[in-house]
Amino acid sequence: MPRVAENRAPATPSSPAQQERYRRILRAAADHGAEHGLDRIQMLDVARDAGVAIATLYRYFPSKTILFTALLHSQIEQLDRNSVPVEPGQEPAEAVARVLVEAARRLLERPRLAQAMLQSNNATVAGESPTMAAAVEFADLILRVAGVAEAGEHDRRLVRLIEQTWYGVLTSQLNGHITAEEAEADTVLACRLLLAELGRPAR
């Protein structure tokens, strides 16, 4: 019988050994997500391939949606480490568009995994565990790339809009509604329209 996830906060790994187990779980989940998509993944299979007990997996990830939202967190964190902030003479919106276009290319190299992560993130926003959604990491990434050191409420609202728009563009591409070229053009246009005032005083 499948285990029903408990409605509780995930544990945070603290020791080096726990952090290594956590990373192994994420790697195994990524492999299964890329092959099967979210619906066909079995948590028991992820635990087996990660070399951990099923109880350990559920301690850190009480459900599949939390697991794949955490995986999206890790993808954004990696993107943040590798991204380059706005260069002299470059518009912040242009810098953000460059990062988001590159991020989409990387995510869509494994479309089933990308779909699993986006679907899971949407589920956490909708109510399962809203605080687990990747919004904070995404906002910090965008603000850093744009060179905004002190973001006001208006800035965070603009970033929230570009996050929602980018996820929507990715989903449309994943579902075959638009081509990769159209998705990239839409991302660039959205950044120009939505982020033109980023870092400036709200009117």
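This report describes the fold, dimensions, surface and annotated region of a predicted protein model.

## Fold and overall form

The protein contains nine helices and zero strands. Along the sequence, its elements follow the pattern α-α-α-α-α-α-α-α-α. The radius of gyration is 18 Å, close to the 17 Å that the globule rule gives for 203 residues, so the protein is as compact as a globular protein of that length.

Along its principal axes, the C-alpha trace extends over about 55 × 35 × 30 Å.

## Interior and contacts

Of the 203 residues in the protein, 41% count as buried; a residue is placed in this class when its relative accessible area is under 20%.

## Surface and charge

The accessible surface of the protein amounts to about 11000 Å². Carbon and sulfur atoms contribute 52% of that surface.

Among the side chains of the protein, 23 are positive and 26 are negative. The centres of these two sets lie 6 Å apart.

## Annotated region

An unreviewed UniProt entry carries the annotation "domain: HTH tetR-type", which covers residues 19-79. In the predicted model, this span is 80% helix and 0% strand.

Key: Residues numbered from 1 in each chain as written. Predicted model: local features only at pLDDT ≥ 70, side-chain atom pairs only at ≥ 80, totals over all residues. Heavy atoms only, no water. Helix = DSSP H or I, 4+ residues; strand = E, 2+ residues; numbered from the N terminus. Rg over C-alpha atoms; globule rule 2.2 N^0.38 Å. Buried < 20%, exposed > 50% of the residue type's maximum accessible area, 1.4 Å probe, protein only. Areas by Shrake-Rupley, 256 points an atom, 1.4 Å probe, with all protein chains shown as cover. Lys, Arg positive; Asp, Glu negative; His and termini not counted. Charge placed at Lys NZ, Arg CZ, Asp CG, Glu CD. UniProt positions renumbered as here; feature names shortened; annotations may be inferred.
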